[in-house]
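Grab a pencil and work through a few exercises on the structure shown here. Try each task before you read its solution.

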Amino acid sequence: MEARKCNDSLVVRTSRIFPNDVNNHNTLFGGKLMSDIDMTASISAERHSRTENVTASIDSVDFLSPITPKDSVCIETFVTWTGTTSMEICAKVIAENLKTGDRKIAATAFLTFVALDKDGKPTKVPAVIPETEEEKKLFETGNERAEKRKEHRKDSTELASYFTTFKPWE
Ligand SMILES: CC(=O)SCCNC(=O)CCNC(=O)[C@H](O)C(C)(C)COP(=O)(O)OP(=O)(O)OC[C@H]1O[C@@H](n2cnc3c(N)ncnc32)[C@H](O)[C@@H]1OP(=O)(O)O
């Protein structure tokens with residue numbers, strides 16, 4: 001299986017903010033941004049693996065700065081690190097004030113996608129080749145984040161075993 005460059009899975013999606021996208025502060029609704037990040041990242045996952053994929057976890061989302069209707073919002077995603085069947089994808093969100101041209105990093109996120117075969121079972125993914133300084137930094141720190149995800153998955157599975165499926169109103 002031939003390794004692929006980070007750039008091979010790069011997706012860049014730029015959009016405007018419409019009235020339906022904002023919250024009560026008249027800034028971009030966080031849930032809308034998360035949905036757009038997930039969708040953009042899913043294309044990166046498929047570009048890298050060329051298989052079906054599912055989001056296994058949205059590992060972190062940091063909203064660093066509010067995005068207003070005066071801004072364009074650009075989501076960049078690419079595969080930063082791979083395990084056996086999983087891919088870590090980094091999302092960088094850049095807001096640009098369209099009148100002044102000022103640009104800022106408005107949010108960052110890490111997501112994990114798992115490649116699936118025709119039977120819906122996890123299947124191997126190609127390794128990733130970082131080239132730029134940014135890609136190399138993300139690749140080198142990938143193992144550490146993967147270890148933290150493993151720990152988190154263990155804790156989360158254990159916690160879920162305590163949850164009930166009772167109907168709260170009965
Ligand atoms: C784009 C979308 O909207 S998809 C919709 C939302 N997502 C879903 O519905 C996914 C639901 N979950 C699932 O289908 C399953 O739990 C799967 C496919 C993610 C994992 O299946 P499992 O049979 O548990 O697989 P398994 O334990 O072998 O793990 C497979 C890989 O996924 C990784 N993984 C599984 N769960 C998680 C998790 N919660 N967080 C991070 N990584 C995970 C594992 O570390 C492993 O990686 P590796 O092969 O690189 O070492």
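The exercises below use a predicted model and cover a pocket, a core and some salt bridges.

**Exercise 1.** Work out which helix or strand gives the largest share of the lining of the largest pocket.

*Solution.* Start with the pocket itself: its volume is about 690 Å³. Of its 25 lining residues, Ser57, Thr112, Ala146, Arg149 and Lys150 are the closest to the centre. Next, list the elements that give two or more residues: β3, β5, β6 and α3. The largest share comes from α3, with 10 residues.

**Exercise 2.** Find the members of the largest nonpolar core that touch the most other members.

*Solution.* The core has 28 residues, and Leu33, Ile37, Ile67 and Val93 come out on top. Now zoom in on Val93: leaving aside neighbours within four places in sequence, its contacts include Leu33, Ile37 and Ile67. By element, β6 supplies the largest share of the core, 7 residues.

**Exercise 3.** Explain what the salt bridge between Glu88 and Arg145 ties together.

*Solution.* First check the distance: the closest N and O atoms of Glu88 and Arg145 are 2.7 Å apart. Then place the partners: Glu88 sits in strand β5 and Arg145 in helix α3, so the bridge ties together parts 57 residues apart in sequence. Both residues are buried. Finally, widen the view: Asp59 and Arg149 join Glu88 and Arg145 in a network of salt bridges.

**Exercise 4.** Decide whether Lys150 is buried or exposed.

*Solution.* Lys150 has 56% relative accessibility, and the cut-off for exposed is over 50%, so Lys150 counts as exposed. Its salt-bridge partner Glu147 is partly exposed at 47%.

How values were computed
Residues are numbered from 1 along each chain as its sequence is written. This is a predicted model: local features need pLDDT of at least 70, side-chain atom pairs count only at pLDDT 80 or more; totals for chains, interfaces and linings use all residues. Side-chain values use heavy atoms; hydrogens and water are left out. On a 1 Å grid over the protein atoms alone, a cavity is a set of points where a 1.4 Å probe fits but cannot get out, and a pocket is an open set with protein on both sides within 12 Å along at least five of seven lines; lining residues have an atom within 4 Å of a point. Grid points are joined across faces, edges and corners, and a volume is the space filled by probe spheres set on the points. Helices (H or I, at least four residues) and strands (E, at least two) are DSSP runs, numbered from the N terminus. A nonpolar core is a set of buried Ala, Val, Leu, Ile, Met, Phe, Trp, Tyr and Cys residues joined through side-chain atoms within 4.5 Å. Buried means under 20% relative accessible area, exposed over 50%, partly exposed in between (1.4 Å probe, protein chains only). Contact means heavy atoms within 4.5 Å. A salt bridge is a side-chain nitrogen of Lys or Arg within 4 Å of a carboxyl oxygen of Asp or Glu.
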